Amino acid sequence: MISRRGLAGLAGALALPALLPGRARAQSWPSRPVTMVVPWAAGGGADTVTRILASGLEPEFGQPVNVVNRTGGNGIVGHAAIANAARDGYTIGCGTSEFVNFKTLGQSDIGPQSFDLISRIASIPAGITVKADGPWQDFKSFAAALREARKGQFTGSGVSTGGSWHLAAAGLAKALGMEADSIRWIPSQGGAPALQDLVAGGISVFTGSPIEAKPLVEAGQVRVLAVMAEKRVTSFPDVPTLKELGVDWVYENWFAMVAPRGLPAPVRTRLIEAAGRGHARPEVRQTMTARGIVPVWETPEAFAEFTTRFGRTAATLLGELGLARG
């Protein structure tokens, strides 16, 4: 006859094999290649940042990291692919600032609550770029002309309506004591076509990343008057920040590591630790910095707090632009 204690021990022994496979999978993560989804096209800022990071993740993961571009819906398609992926750590993604605004814009219910927020990866500051042979040689003259112009006379571009660089322009106008929609926004499919419009005289200002404008700066076709960063950008050391010029406005587009919400705790812990080491590798940080990208790594808690603050600012601007729908 088996005692109650013996029966309990036998039951535990029989249950143990059922528990081991899941636990073992978590502890051995990753045992196969990891996919990192980018919600934007190859060659853009998100894609560039992700591929640089992936080069540092592979030696830390001990597995290939396959970068996959899932485009469409102003980033919604790719972000949905990340949020709806299996919660096993083998599909993660590059979340971009747009996912904080989907609900405010009435585009999707996807938001910060849809993901395990790991950390921001990098940020790229907005700039104020104008035609080189135009009337403004410095930010002071540009700002004076903007204040004196009738509403909508100045036009800006760099992204779709309500996108990151549109918010940069709206915040700039407010910081100058003007209405958020003082600069009339001309939507575009990205920085390259917007910059071509700038060179052709079709728009007044490009408020996207100065990094995208650098080839045209070097060709003498455009001029960067200021950057909307906390400090000067290494690739434009002679260009002042707005804060240096007495304008209290900072806007930096950002890119982050996110995963489907609900990762197993051991997998999440291993992901955070290994990704942090990969991000800290000198070749990763040096490559980002050389391209004018600011490397960022923080705790998941700090990232969550950042998205809350960013979301409030963005919602206010989108409301004043008449774009808030959520």
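The axes of helix 2 (residues 45–61) and helix 9 (residues 282–290) come within 8 Å and cross at roughly 160°, which makes the two helices roughly antiparallel (an angle over 145 degrees). The model is predicted: local features need pLDDT of at least 70, side-chain atom pairs count only at pLDDT 80 or more, and totals for chains, interfaces and linings use all residues. Residues are numbered from 1 along each chain, and side-chain values use heavy atoms, without hydrogens and water.

**Helix 2 and helix 9**
- Contact (heavy atoms within 4.5 Å) involves Val49, Ile52, Leu53, Ser55 and Gly56 of helix 2, and Val284, Thr287 and Met288 of helix 9.
- Five of these contact residues are nonpolar, three are polar and none is charged, with Gly counted as polar.

**Helix 3**
- In helix 3 (residues 76–83), seven of the eight residues are buried (under 20% relative accessible area, with a 1.4 Å probe and protein chains only).
- The cover over the buried residues of helix 3 includes strand 1 (34–38), strand 3 (91–96), strand 4 (115–125) and strand 10 (252–260).

**Salt bridges**
- The structure holds 12 salt bridges, each a side-chain nitrogen of Lys or Arg within 4 Å of a carboxyl oxygen of Asp or Glu.
- Lys174 and Glu320 form one of 2.9 Å, N to O; Lys174 lies in helix 5 (residues 164–175) and Glu320 in helix 10 (residues 300–320), 146 residues apart.
- Glu230 and Lys243 meet in a salt bridge of 3.3 Å, N to O, and the pair ties together parts that are 13 residues apart in sequence.

Notes
Axes fitted to C-alpha atoms, helices over the stretch in contact; angles between N-to-C directions. Helix = DSSP H or I, 4+ residues; strand = E, 2+ residues; numbered from the N terminus. Parallel < 35°, antiparallel > 145°, perpendicular 65-115°, else oblique. Buried < 20%, exposed > 50% of the residue type's maximum accessible area, 1.4 Å probe, protein only.
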